[in-house]
Amino acid sequence: MIIDRAEVVVTSPDRNFVTLKLTTDDGLTGLGDATLNGREMAVVAYLADHVVPLLIGRDAHRIEDTWQFLYRSAYWRRGPVTMAAIAAVDMALWDIKGKAAGMPVYQLLGGASRNGLLAYGHASGKTTDELFDSIRSHQEQGYRAIRVQTGVPGLKSIYGIASNATYEAMEGVRYDHEPAQRGALPAEEDWDTRAYLRHVPTVFEAVRNEFGSELPLLHDAHHRLTPIQAAQLGKSLEPYDLFWLEDVTPAENQEALRLVRQHTTTPLAIGEIFNTVWDYQQIIREQLIDYVRSAVTHTGGISHLKKVLDYAAQYQIKSGMHGPTDISPVGMAAAMHLGLAIHNFGIQEYMRHGAKTDQVFQQSFTWENGFLHPGNNPGLGVELDLDESGKYPYVQAYLPFNRLADGTVHDW
Ligand code: CS2
Ligand code: MG
């Protein structure tokens, strides 16, 4: 089972996706997701110029050896570009191994630890009324856990809120939250931490009054707070019993979470922009978080994220794998196989992809009564239709950025 061909496929059906496709000498194919939102072409170059030439002729069965070879032989370790590239190779090799074995990848990881994966969706609204409608519509789609984001009075547009502009840009496909916008420059948004901290608890109070105490609710602060502000928010949301509060601080400084933890019992989730176990070393060992937010795509693939999650398990910390629309159907499938197999699964983020994306990537997962299952096709269970993908060339797109009222650039 020798790797014979490696292609990097860039396609932009509803948004940009980067996919690595490996083919072995006996004709098996494997797919890996390498999409890094807003910086896609950097991973394309890393793969095409520096990784693809190293893969040809290697034994496709040797997943761990290939991982270690790519990580250590580069000398320059970690970082989102490197780790997304390695992740794509790792996913593609697991896909191939599954096909060679005639088994879905979760079977190779130890088999199913549960019947399905509880998933949460993104409800949002500029106003409370719009938010309530969005929550109801998510419940109608089957979601049993819901992330809540709203506008803040005085701010024009903020992270996590569906906008009409986005709706039109997607040609009628309603992405409830699709922050990357096509165009030559990133969009500028505004931010006011004090207004946000005043407003958010009132929203959660309204949501609990309307929807009751049972529904699991989540919220994402998207890296914007200082440790003491994060502590304040966690404390003020305690009465509303959140499933988790996500990315309260930028968290490059893992130690910052100590202060937050001292002040609040609201569960914390962090890690969608982390790349390796080293980014988690302190926050897991000191039990400063409750959920690991990494995506398979951005954390070195199934092999490496499993190591992070096995480490987290020692501390009763669970998975909450990143699953926005910028994780391709291949990356989502990898998350589902891993989530089904590990013992310490917590919840899976799940936003639906657009219809064009679903045509480019043929998938075999199921979504029933609020639970995902990767299906039982051998490998990851996703196939890439190259004729379809060829219809949608790459389109430049950027994530937005924030400025405060005085013009200072703030975390987005
Ligand atoms: C987010 C993401 O899903 C989430 O929790 O924080 O939507 C994030 O903004 C995007 O993935 C950035 O590419
Ligand atoms: Mg997030």
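How many residues lie between β1 and β2 in the hairpin that they form? The hairpin formed by β1 and β2 has five residues between them. The structure is a predicted model, in which local features need pLDDT of at least 70, side-chain atom pairs count only at pLDDT 80 or more, and totals for chains, interfaces and linings use all residues. Residues are numbered from 1 along each chain as its sequence is written, while chains are lettered from A and ligands numbered from 1 in the order in which they are written.

Helices (H or I, at least four residues) and strands (E, at least two) are DSSP runs, numbered from the N terminus. Two strands are taken to pair if DSSP finds at least two bridges between them. Strands β1 (residues 3–11) and β2 (residues 17–24) are paired in the antiparallel sense over eight bridges, and Val9 stands opposite Thr19 in β2.

Strand β2 also contains Thr23. Thr23 has 17 other C-beta atoms within 10 Å and is partly exposed; with C-beta atoms placed from the backbone, a residue is buried at 20 or more such neighbours, exposed at 12 or fewer, and partly exposed in between. Leaving aside residues up to four places away in sequence, Thr23 touches Asp4, Arg5 and Thr29, contact being defined by C-beta atoms, placed from the backbone, that lie within 7 Å. The C-alpha atoms of Thr23 and Val207 are separated by 50 Å, the two residues being 184 residues apart along the chain.

Three bridges join β7 to β19 (residues 401–403) in the parallel sense, and Asp190 stands opposite Arg403 in β19.

Positive phi values occur at His222, where the angle is about 50 degrees although the residue is not a glycine, and at Asp241, also a non-glycine residue with a phi of about 50 degrees. His222 belongs to the loop between β8 (217–220) and α8 (227–237), whereas Asp241 lies in the loop between α8 and β9 (244–246). His222 is buried because 20 other C-beta atoms lie within 10 Å; Asp241, with 15 such neighbours inside 10 Å, is therefore partly exposed.

Ligand 1 is surrounded by 11 residues, of which the closest are Asn37, Pro179, Asp220, Pro324 and Asp326; a residue is near the ligand if its C-beta atom, placed from the backbone, lies within 6 Å of it. The shell comprises three nonpolar, four polar and four charged residues. Ala, Val, Leu, Ile, Met, Phe, Trp, Tyr, Cys and Pro count as nonpolar, Asp, Glu, Lys and Arg as charged, and the others, Gly among them, as polar.

Methods:
Two residues are in contact if their C-beta atoms, placed from the backbone, lie within 7 Å.
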